[in-house]
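The sequence and structure are shown first, and the description follows.

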Amino acid sequence: MSAHGDAALAMIGEVLADGVDHAAVLLRHSARTFEPGLHDLDNLLTDEGRALCCRFGRRLPKELTLRAYASPAQRCLETAQLILEAHEAEGGSITRHRPVEALGVFYALDQMKMWKGMEAVGGMANYLQSWLAGTVPADAMMPAHWAARLVLGCMAEKLAAPVARPQLDLHVSHDVTLHLLRSALLGEPADSPPVEFLDGLLVWRAEGALWLKSQHGPAQRVGGELTD
């Protein structure tokens, strides 16, 4: 039976086997708490979530050098840290991890309005459809396609500055961010399979362009220079 993270690990292995020597994975954080009354971003990893991070790090190819960035939310930072530590403990090389605001929920201009909007329409999938269509209130959310390109652009800049090869950059974020890129850049339906803990999207540069792949379909060319 597969565990959280297995699909992302398989995707990473497939792309490395095709000759890519520097890629970036946009990864949802590991299993978290859902404490009532607590601001959503203050929920931490569970013990199971921490164990899943260690498992993920142990199973990454040990020839990889890992570098990590994460949403400022503590559960994302801890996910990155634990994956790096487990990779290093098994003989892999690491650099460091640090928070990056572009991996947070920067696109929510009013987080309370976003969460209430999701509740009002019956969940993330319906809200994402409205967001992509440009029908959510302008004071609640940044335009969806702008936000998707900003996240991709941030990852692309990191790809332009490798420290070793082969290398994998971890970008730990939230399920909304992965749903956004899957829908806005890959054209996957908003009601496609949910983003589970440690699910991922893989980005790399080849043939003068960026390529993006989810766990649910083939890689797609998503542009060259991100200036539009």
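## Helix α3

Helices (H or I, at least four residues) and strands (E, at least two) are DSSP runs, numbered from the N terminus. The expected span of a helix is 1.5 Å times one less than its number of residues; the 16 residues of α3 should therefore span 22 Å, which agrees with the 22 Å between its end C-alpha atoms. This is a predicted model, in which local features need pLDDT of at least 70 and side-chain atom pairs count only at pLDDT 80 or more, whereas totals for chains, interfaces and linings use all residues. Residues are numbered from 1 along each chain as its sequence is written, and side-chain values use heavy atoms, with hydrogens and water left out.

Buried residues (under 20% relative accessible area, with exposed over 50% and partly exposed in between; 1.4 Å probe, protein chains only) of α3 include Arg75, Cys76, Leu77, Glu78, Thr79 and Ala80. Also buried in α3 are Leu82, Ile83, Leu84, Ala86 and His87. Their cover includes β1 (22–28), α2, β2 (65–70), β3 (93–99) and β4 (167–173). Just after α3, Gly91 adopts a positive phi of about 105 degrees.

## Packing of α2 and α3

Helix α2 (residues 47–59) packs against helix α3 (residues 74–89) at an angle of about 45 degrees, with the axes 7 Å apart. Axes are lines fitted to C-alpha atoms, for helices over the stretch in contact, and angles run from 0 to 180 degrees between N-to-C directions. The two helices are therefore oblique to each other; angles under 35 degrees count as roughly parallel, over 145 as roughly antiparallel, 65 to 115 as roughly perpendicular and the rest as oblique.

In contact (heavy atoms within 4.5 Å), Arg50, Cys53, Cys54, Phe56, Gly57 and Arg58 of α2 meet Glu78, Thr79, Leu82, Ile83, Ala86 and His87 of α3.

## Leu27 in strand β1

Leu27 lies in strand β1 and is buried, its relative accessible area being 0%. Leu27 and Leu170 are 143 residues apart in sequence, yet 7.0 Å apart in space, C-alpha to C-alpha. Beyond neighbours within four places in sequence, the contacts of Leu27 include Ala8, Phe56, Ile83, His171 and Leu198.

## Packing of α4 and α5

Helix α4 (residues 111–121) and helix α5 (residues 124–133) pack at about 115 degrees, and their axes are 7 Å apart. This angle makes α4 roughly perpendicular to α5. Lys113, Met114, Gly117, Met118 and Val121 in α4 meet Met124, Asn126 and Tyr127 in α5.
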